[in-house]
Amino acid sequence: MKYSLSKAFLWLGLYTLLALLPLGIALLGDRPGYRSFWIEFGVAMGFIGLSTMGLQAVFSGRYKFIAPTFGMDNILQFHREIGIISFFFVLAHPVILLIADPEFIKYFDPTVNFPRALALSFASVGIIAITVTSLWRESFKLNYEWWRLIHSGVGALLVFVGITHSIQVAHYLDELWKQIAIVVLMGICVYAVIHTRLVRLYLNGKKPYRVVDIKAERGESYTMTIEADGFKRADFISGQFFWMTVGDKVFTLQQHPFSIVSSDEDDKICFTAKVLGDFTATWENMKPGTKVVLEGPFGSFTPKGTDPLFMIMGGIGVTPGLSMLRSMVDRKDNREIILIYANENWEETTFREELEELDKLPNIQIINVVDNPPHGYVGETGFVDEEMIKKHLPKDRNDFVYYICGPEPLMDVSEKSLKKLGVDWRRIYSERFEIV
């Protein structure tokens, strides 16, 4: 599905409506007496903060009715930015109220109401902890698996505390129907977390895959080939990705996203990963027959119609591009494809030999870019920049669809250069996989 302003405004409008829905429920029916602007404003911040936190679970829950519109990459970036905004909304609620009327400090006084004081103190510390550990996870040396558990668990508890607090205060939610409406709305959000983290894992575990082969690739990378264990493999489109869990335990913190590298015409599914962490380091010694559970496929980083493709990719970020190339060759799809492929050195260029063979096809052009070229190397050198992209950009540039995947500096310069060179932003797709 292609990007468009109309879809963007539609979804942003829907999000805004949902974010304001709890506040709207509070304002319906009988209203209590007006206090002061800052007190009422502080209360409004609380309702909006609660709803935006709840919506985080829905819009980041890998739901296929949302992802195809913007792609998982954009949704994850949206989740990150809205998370920061939610942080300020939630904290603004007690800060504004305490400034407007210091008497509100009693809500944090354990001698007045210990359970309430404990819950609200937890909420205050929890929202700070989620935000700080998300922005600076690596600085805290918090691995992805534990961060994911803390993020989901604390987030769900914060929503629960928010619901309980708003009902107990009952200033705007004194009517039973309002309380039921808030509980139902926020309950849906909490269940979205439970469904994503538990229910979906259980259902996917009933259709396991098995490792067929592990193959060493250039650049300290390995390709895992798996096949469905007694059922037809999941349908996917080249360029998409799956979330993967390896091992006999279905309920585990080890769930990671990997782009598909195989053709969508193949009966088996292949993933290629560079050894960068504890999980990918295990691939080298993985045995055939090892159980693999997949969730997906996800992503809209896929070929659009019959449009020709222009790819700018770096390192292991080439995997979705190679999936597209392999699929089109298998289908005898002869549309024009240009791939600018950047690597640090020639010897560790993953899939080098296969890409050299693909470059011999009349409709495919592979442009290798190597930062540290060896003697006798023929190709582009240095880093991908605006001048290099301009050099290889086709004249009919807005007939092509553009796909960018790789290290962040490469993606940043590529996105900016393409737009500066007159490429329509709606034809540019990026896959960053910045989960945190």
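**Notebook: a predicted chain, looked up piece by piece**

I started at methionine 53, which is buried at a relative accessible area of 15%. Buried means under 20%, exposed over 50%, and partly exposed in between (1.4 Å probe, protein chains only). This is a predicted model, where local features need pLDDT of at least 70, side-chain atom pairs count only at pLDDT 80 or more, and totals for chains, interfaces and linings use all residues. Numbering runs from 1 along each chain as its sequence is written, and side-chain values use heavy atoms, without hydrogens or water.

**Methionine 53.** I found this residue in helix 2, residues 37–59. Helices (H or I, at least four residues) and strands (E, at least two) are DSSP runs numbered from the N terminus. I listed the contacts of methionine 53, leaving out residues up to four places away in sequence: Ser86, Val90, Ile127, Gly155, Leu158 and Val159. Contact means heavy atoms within 4.5 Å. I also took the C-alpha to C-alpha distance to leucine 322: 37 Å, across 269 residues of sequence.

**Serine 323.** I placed serine 323 in helix 8, residues 319–330. Is serine 323 buried or exposed? Serine 323 is buried, at 0% relative accessibility. Beyond four places in sequence, serine 323 touches Ser238, Gly239, Ile260, Val261, Ser262 and Ser263.

I traced an open sheet of six strands, in the order 4-3-6-1-2-5, with antiparallel pairing. Strand 4 (256–259) and strand 5 (269–274) are the edges, each pairing on one side only. From one strand to the next, the twist averages 40 degrees. Axes here are lines fitted to C-alpha atoms, for helices over the stretch in contact, and angles run from 0 to 180 degrees between N-to-C directions. Strand 1 (residues 209–217) and strand 6 (residues 291–298) run antiparallel, joined by two bridges. Two strands pair if DSSP finds at least two bridges between them.

**Surface patch.** I looked for nonpolar surface and found a patch of about 600 Å², made by Tyr191, Ile194, Leu198, Tyr202, Leu203 and Phe251. Patch residues have over 30% relative accessible area and no salt bridge; like charges are joined within 9 Å, nonpolar side chains (Val, Leu, Ile, Met, Phe, Trp, Tyr) within 5 Å. A salt bridge is a Lys or Arg side-chain nitrogen within 4 Å of an Asp or Glu carboxyl oxygen. Areas come from the Shrake-Rupley method with a 1.4 Å probe; for residues, only the protein chains shown count as cover. Tyrosine 191 sits in helix 7 (residues 176–205) and is partly exposed at 44%.

**Whole chain.** I counted eleven helices and twelve strands. Of the 436 residues, 51% count as buried.
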